[in-house]
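Here is a quick tour of a model, written for someone who likes to check the numbers. Have a look at the chain first, then read on.

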Amino acid sequence: MLKKLVLGIFVASLSFATMAQSDPNLRDRVEQRVDSRSNGDARSSISSDRNKSDDASKSNNPKGITGAGFALCAGEFALCASSTCKPTGKTITVKEDGGKTTKQYPEAICKCPVITSNIASQNNSPLAGIAGLNEGNMEGSCRSPGTGKIWSFFSTTIKTYPQEQPNGSFSQPTAAASQNCSAKGPAQGSNCWSYICTVDPKETNGVKTASCRCPYGEGLFGQKSKGDRGYVTYAGSTWNNPAAACKELPVGFPDQLLQ
């Protein structure tokens with residue numbers, strides 16, 4: 001079931017990426033899909049035309065996110081795919097199974113670049129991120145989490161973006177490559193998909209960033225990651241020693257999802 005859910009994410013994401021490349025006006029149309037209930041935040045549900053059928057089939061899909069739970073949320077967002085994190089010593093409440101239940105995980109704080117209109121334009125991409133509306137700590141819509149706050153999303157069309165460096169600074173936008181970290185010892189990963197972040201009051205060496213509080217040791221949908229598997233991340237790929245990022249709770253996902 002989990003593999004099918006993950007496959008669904010990437011099929012939907014790749015479909016959007018293909019449309020974006022073939023339709024240069026897609027960004028404008030996405031950003032014009034304004035939800036009047038969300039203080040100006042746009043929402044483009046991947047399955048908006050199938051809500052009724054999704055509702056009818058909920059009883060047949062007891063685990064994971066449903067099609068109606070995915071959305072393209074327009075506007076600036078934090079992209080944490082290449083960030084490392086530090087434990088806070090606290091716990092964080094995580095939604096799982098499409099928001100039906102919650103679970104506590106150890107909390108980490110991660111500094112992530114904010115995807116702005118300039119970065120989106122450089123990538124020839126709409127300024128919109130893929131969200132799990134009932135995952136992480138989202139509340140069912142793309143609505144802004146508040147003044148000075150922002151959501152952390154995922155994107156398949158933003159290929160180049162600021163990369164965190166070992167000293168905490170950020171490079172100018174560049175591409176990242178993935179690596180697989182060992183699951184042994186301190187090499188655990190963080191999940192920052194669909195979590196609330198605080199926009200940092202000052203830029204980090206010229207890069208707009210946000211501080212996101214995220215769980216570690218958790219999979220994409222709230223389930224605990226298996227301890228005997230590796231962790232896939234984009235963190236550290238621009239470092240002289242990429243493997244060093246594996247010991248710093250890098251954002252990514254358990255490679256059990258690829259098995």
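Asparagine 124 is exposed, with a relative accessible area of 58%; exposed means over 50% relative accessible area, buried means under 20%, and partly exposed is in between (1.4 Å probe, protein chains only). This is a predicted model, in which local features need pLDDT of at least 70 and side-chain atom pairs count only at pLDDT 80 or more, while totals for chains, interfaces and linings use all residues. Residues are numbered from 1 along each chain as its sequence is written, and side-chain values use heavy atoms, with hydrogens and water left out.

Back to the loop. Asparagine 124 sits between α4 and β6, and asparagine 123 is in the loop between α4 (117-122) and β6 (128-132). Helices (H or I, at least four residues) and strands (E, at least two) are DSSP runs, numbered from the N terminus. Asparagine 123 counts as buried, at 14% relative accessibility. Contact here means heavy atoms within 4.5 Å, and, residues up to four places away in sequence aside, asparagine 123 touches Thr157, Ile158, Lys159 and Thr160.

| Residue | Phi | Relative accessibility |
|---|---|---|
| Asparagine 124 | near 55° | 58%, exposed |
| Leucine 249 | about 45° | 8%, buried |

Leucine 249 belongs to the loop between β13 (231-233) and β14 (252-254).

Now for the packing. A nonpolar core is a set of buried Ala, Val, Leu, Ile, Met, Phe, Trp, Tyr and Cys residues joined through side-chain atoms within 4.5 Å. The largest one has 17 residues, of which Cys73, Leu79, Ile115, Leu133, Phe153, Ile158 and Tyr161 touch the most other members. At least two residues of this core come from each of β2 (70-74) and α4. There is also a second, separate core of 16 residues, with Ala78, Cys110, Cys197 and Cys214 among them. Beyond four places in sequence, phenylalanine 153 has contacts that include Cys73, Phe77, Ala78, Leu79, Met138 and Trp193.

How far does the predictor trust all this? pLDDT is its confidence in each residue, from 0 to 100. The protein's mean is 76, with 66% of residues at 70 or more.

Notes:
pLDDT is the predictor's confidence in each residue, from 0 to 100.
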